[in-house]
Structure formats: structure tokens, C-alpha cells
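Q: Could you walk me through this one, slowly, and explain the terms as we go?
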Amino acid sequence: MKHIISILLENESGALSRVAGLFSARGYNIESLTVATTEDPTMSRMTLVTSGSDQIIEQIIKQLNKLIDVVKLVDLSEDEHIEREMMLVKVKSSGPDREELKRLTEIFRGRIIDVTPRTYTVELTGTGGKLDAFLQALEAASIIETVRSGTSGITRGDKGLSL
Amino acid sequence: MQQQSTGAEILTGAEILARSLKDEGVEYIFGYPGGAVLHIYDALFKQDAVKHILVRHEQGASHAADGYARATGRPGVLLVTSGPGATNAVTGIATAYMDSIPMVIITGQVNTWAIGSDAFQEVDSVGITRPCVKHNFLVKDVKDLAETIKKAFYLASSGRPGPVVVDVPKDVTALTAEYHYPESVNIRSYSPVEKGHSGQIKRAVEMLLAAKKPMIYTGGGVVLDNASEILVEFTKLLGFPITNTLMGLGSFPASDRQFLGMLGMHGTYEANMAMHDCDVLLAVGARFDDRVVGKVEEFCPYAKKIHIDIDPASISKSVIVDVPIVGSVSSVLTDMIAQLKATEVKTDADALTQWWNQIEAWRKQDCLRYDTKSDIIKPQGVIQKLHEITKGDAFITSDVGQHQMWAAQYYGFNKPRRWINSGGLGTMGFGLPAAIGVQLAYPDETVCCVTGEASIMMCIQELSTCLQYGLPINVVSLNNRYMGMVRQWQEFFYEGRYAMSYMDALPDFVALANSFGHVGLRVESPADVEAALKEAIADTKRLYFIDFVTDQTENVFPMIAAGKGHHEMHLPAHMTAERDLA
Ligand SMILES: Cc1ncc(C[n+]2csc(CCOP(=O)(O)OP(=O)(O)O)c2C)c(N)n1
């Protein structure tokens, strides 16, 4: 099963490589990973999407907790949470295709953020599933490039992951 | 950051390092100089609180510091230069990491401004060591140096211990700062749990009391936590059988009737059979290593499992347990003893008697019996003699191979911290430098390095260090002219094709020992074993290198092939013969 693990990490050089190194050394897979600083400049917030059996996920969480640079973490998948990913897609479109693509973008609540005579660049935010669906709705041959941010997530309700 | 002047001394980074080590109570630092650490060497030269031991190869420094740590329980410390100094130490760092040994490694680094420029003798030491340390630091500001050293010692020796690297650029050792060594440090992300969960402990005690075929299996965690006495009290209270892992030997006296010997790949018949048949298993400070467990699906198939460990990540990593207890071994066992003493419930005496009868029947098969009449030296016999002469009280370091297993099986350790070997990484070359660390820590004790003629060659240069510091180590080399353990696997699993396992062109070890300034003896007859060992041990001034010419064909029994169950042992001939008759 897919798990979204949200981590407060010391904002130290090398902290990211400790996390990445743990996953490669122990053969865990990373589906996506995002990281940036928080309102507290000494800490970064990382969101990591991984999958595996319950036993593997338990090990991943324990091993992450063991890293000295990991301050706190939560498996978002265990609770009600919101997840979002941002995607930029550059799509070939000219002639009658352009109208069709605009409609599709509206249906998915995306925005066209750059236009050339032969292309549209679409920005789209949502769950990973929604982004997948948008890509599927496009004609494969028309996609010039896709850039996805990886998933970020946050728990619902008034509690948060903080010190 | 603006720092308030506190009237503290202003010292260079190098001086801060030396003073921090002193204030940390460091007795010995093992090392080897080089460009990046010259300021530090200069600072060490000008003081005499911390004694520097010059090794002959940085791998030797890392094993010596490790041996010191294993024997004393205090962190071992080493100092190496950047680049090749650091990479040479990596094998020793990984060795310590696998066995959770507290160690602080100071590596020199190129100047901060040169980092990343492929400067002379630059390697990314933090990157290279990252997967084999508990934590590591690169100190970029001299103001952080003292506190970083404190953190390194704290991390190395608390919780599940392990090596910690502090990488110090050369310019940081020349710049100055106020010296203040913190008494304690707080790391916000790090707070090892000492006390076990009381509800879990209660469940565990109930489970143990209800057991009909209980078994206690303990590992290096007991040694690391100095919990041997508590373990003995606990085990005596229950009257249960107990086995130790390779790393746990000595934490329960081998001479005690409740002790079934080591378990696992080269464990005794009785220990492995009891593991296989038990109905409640208590694992204490042991990590269910693959050499212990064998085939996971067939590991203790009938048992409910309880696991005490300081490291939550060790619990249910390979074998799923029923009652996990996170905490230090001493704290959890103390709580369990209190509960056992308080409860009215007794162990099932009838069931236990039956269980012990079964165990004694297994034990009677005498799985460690070997040919004592042979006129070729049997390696097991050398170890038994060593045990007799030293009354089981010596510090025994070892290398890796058959000799290591024979030392583990036949020495009969009665005290913890006396058996010093590389269990997790299995590092050939460990034994001699480790013995240096042990002998320095205990100058008046007998220290023996049980080795093989292949392993000893991997750090042979340290014989020179032994001469320099006058260390009267006894090197007990079981010379079978083979990489014996490799040969054994080839005999069992490769139809006797002994690919590259013969040690051709061996040196004359007696002459070699002599040329290093030590005493060398060659022993070829079983009749001479005792006299040679006695001579070596009686001489407390000089290092003896005894080259025992042993039986080339001897194998380590019992043996569980990798990935097999505990009941599927290769057994010695006398046992298989009896079984065929039956
Ligand atoms: C550094 C290193 N390289 C290779 C091995 C693999 N290995 C394990 S035991 C062994 C043979 C050891 O031979 P020797 O030291 O003569 O001991 P014996 O088994 O003959 O007692 C080898 C090569 C190892 N454990 N460590």
C-alpha cells in the first residue's frame, strides 16, 4: 500500500542524503520526495511517498526515526489528510486541438500559464490520481514534457506536525 | 552570531580538540598522522593527558580503538588524516557499526574553502562513512568544535551505541575560539528509551511463567549494557535454559548447567534443538541476525516470542515477535525480576523437568566431541588447553574463520567483555589490533589473539605497534595452511573444489615474529601445545607468536547451512553414526 510519510528534518547539509541513503541502502522504494524549509529556519519539511507491506512500512518509519537528523515524523496515511501535487505539462496544440485542450484544462481546474503558436503549458494541482487522470486524457503523442512536484501532504483538523 | 566573552580561554581548534578529549576522560587515542591533522598532532604533543598510540595502518587504529571499547565499555577514539587515512579506517568503522560499539573517529579534512575541489587528499568522509556510522559531523566553524565533540561522545555511548565520525577541516584546527566543554548536550531529535513499557513487561512475565518449554536467547546487547549480573539473577530465578549469540558469549557463565552453549550456524546441538522446540522464546539484546535465525519460516516455529531491545528498529525486523519491549536490557530485566519476585504464580515445575530431561538427552550427544587421540594438533584442543591454562579468564580476541568459531565454542567464557570478535561484519584482520586496545586497557591481564594464518596477514604490520608499546599479547595462530572456513564451505557445497582457499607461499611465522622483535614459536605436536602456551602466557613482557601447525582437514561442527532451519544441522561423525545405527 502507498504511504505518505511527512518528516520534520534538521535543516543541515547532508540530512537529505541520509534519508535518501537509507532508502537505497535498505532497498526501500521512494515514489516521490519533496523537501523545503519551514517557518522555522532550522527545520525542513519533507514529504515522502513510499509503498510496501505493513512490515516494511513499520521498518521504514523506525529506521527514519533512528536518523539523528529526523526530528519528528508522521505517516499521513494513518489519519485523515489532504494531499496535493503540482504538475506542469507542455502540450503540442494547434488548430482545433487548442479549444479541446482549454476545455479539458477547465474540467480539471487547471490553468494555462504559457502559450506559443504550437503549444500550451498547463498548471494543474491535485492528488496524484487526478494528475494521472489528466495525463491519460491527453493524447500521449501530444505531450512534450511533464514536470511533477511530488506529493505534499498535511493532516486534517487542528493538530499539526510540530515540535 | 555574536558571542559574549566569558573570560574563557582562547584556544586553537587543535587545542580545543585535545582539551575536549581530556575533559571527556579519554585515556588513549589511536591514530596515524598526515597533513590535514598536523595541527592536532602538534596540540597532542604539547599535552600528556591523552596518550596517543601510533599504529601502522589506520585499519589497525580503528580495530584497536574498537577492542579498547569492547573490553572497557568506554568509547574508543581514533584520529586519522584526510583522504587515505579516512578510507583506511572505514573497514574498522563498519566493523564497530555492525556490532554497535561506541567509538569516536576524528578524521582530518582539507581546508573548508578547498572542500569539493578535489583537493590533495580530499575525500567526502562524511559521505563515505554515512552508511556505517550512527551519525557523523563536518565541523565548519571552530566555535562548534567542542560541542560537536561532546555530541559525538554522547551519541556514540548512549542508546544503541555506535561509531560517530567528526570530520575536521584543517583550517578549523588553526582558527581560535573560546574553550568551553559542555557538561551535557541535548539533541532534540534523540532520546533513547531506557524504561520498558510496564504493560508489555507484565505480559512477558505471564507468558514466561506459563511456559512449558521456555528458552532464553541473549546477544551483544547484554554485554553492551553491562547487564550480565542482572541476566544471571533473572535466569537463575526462572531456572530456564539459556543460549548466547556469538556476540553475547560471556554474559552468562559457560560453566553453568543452565547454559546450552552458543546457538546459530555453529551453535551446539542442544541450543539449536531447544530453540527449534521451545514454546516461549525470550530474546534479550539480540537482533535475530541471519547467522542465528537461519530460515526465518522455520525459526522457533512453535514459540511465542518476546523481544527486549533498546533499538525499536531491531524489533520485528526479520522475525515478527509477539511481545516487543523497547528499553535497556538492565532496566527491563530489573523490572521483570521485581515482578517475578512479587507474584504468587510459579513456573510449571513438571513441564520444566520434562523439558530439561529432553535438553540433557540432546546435550549427552556431546556435539563438540572431537578426536583427542590424534597425533596431529587439533585446533579445538589448543583452545581447550588455552582455557585450562588461563582458567577461562583471559581476554580472547579473534579474527574470522574456523578458529573464531572454535574459540567461541571451546573457550567457555565465564565473564562478559572477555570475548572480543567481529561478529556482524566478520572482519579478518580484526584480532591483532583489537588485542592492542585490550592490552592497553588492561596491562596486567592475559590477552590472547586467536587467529588463522590467513587472517593474521591482514593486519600483520601491527606487530610493530606491539613492540613499540611493549604489549605482551599472545598470538595463538591455528595454522591449517587453508582459509579454513572457505575450504569447509567448498568441501560441503562445492564438491571439494578448493578454489583459492589454499594459503600458498606462507611466510616463516617464527622468523617473521622475530624480525618484528618478538618471540616466535612453532608447535607441531599435540604434546608440545601446553608447554608453548604456558611459556607465552608466563612471559608478561614479550609478545609471543605461536604458530600451531594444525589438522588441515578439521571442520567446524555443528553447522547449519545458510538458510536452513535449526533442526537441520550438519553434525560431527560420531553423532551421524549413532543416528544411522538407531
Ligand atoms: C576482510 C575479509 N575478507 C574475506 C573474508 C572471507 N573469509 C571468511 S573466513 C576466511 C578464511 C580465514 O582463514 P584463516 O584466517 O586462515 O582462518 P581459518 O578459517 O583457517 O581458521 C575468509 C577468506 C572475511 N571474512 N574478511
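A: A salt bridge is a side-chain nitrogen of Lys or Arg within 4 Å of a carboxyl oxygen of Asp or Glu. With that in hand, A:Lys66 forms a salt bridge with B:Asp311, and their closest N and O atoms are 2.6 Å apart. This is a predicted model, in which local features need pLDDT of at least 70 and side-chain atom pairs count only at pLDDT 80 or more, while totals for chains, interfaces and linings use all residues. Residues are numbered from 1 along each chain as its sequence is written, chains are lettered from A and ligands numbered from 1 in the order in which they are written, and side-chain values use heavy atoms, with hydrogens and water left out.

Q: How many salt bridges are there across the interface of chain B and chain A?
A: The rule finds 2 salt bridges there.

Q: And how many residues touch on each side?
A: Counting a contact as heavy atoms within 4.5 Å, 19 residues of chain B meet 19 residues of chain A.

Q: What area is buried between them?
A: About 1,600 Å² is buried between chain B and chain A, with carbon and sulfur atoms giving 47% of it; buried area here is the accessible area (1.4 Å probe) that two parts lose on being put together, summed over both.

Q: Which residues of chain B lose the most area to chain A?
A: Those are B:Arg130, B:Arg188 and B:Ser189, which together account for 40% of what that side buries.

Q: New topic: why does the radius of gyration of chain B agree with a compact globule?
A: Because a compact globule of 582 residues would have a radius of gyration near 25 Å, and chain B has 25 Å. That radius is taken over C-alpha atoms, and the globule rule is 2.2 Å times the number of residues to the power 0.38. Along its principal axes, the C-alpha trace of chain B spans about 80 × 60 × 40 Å.
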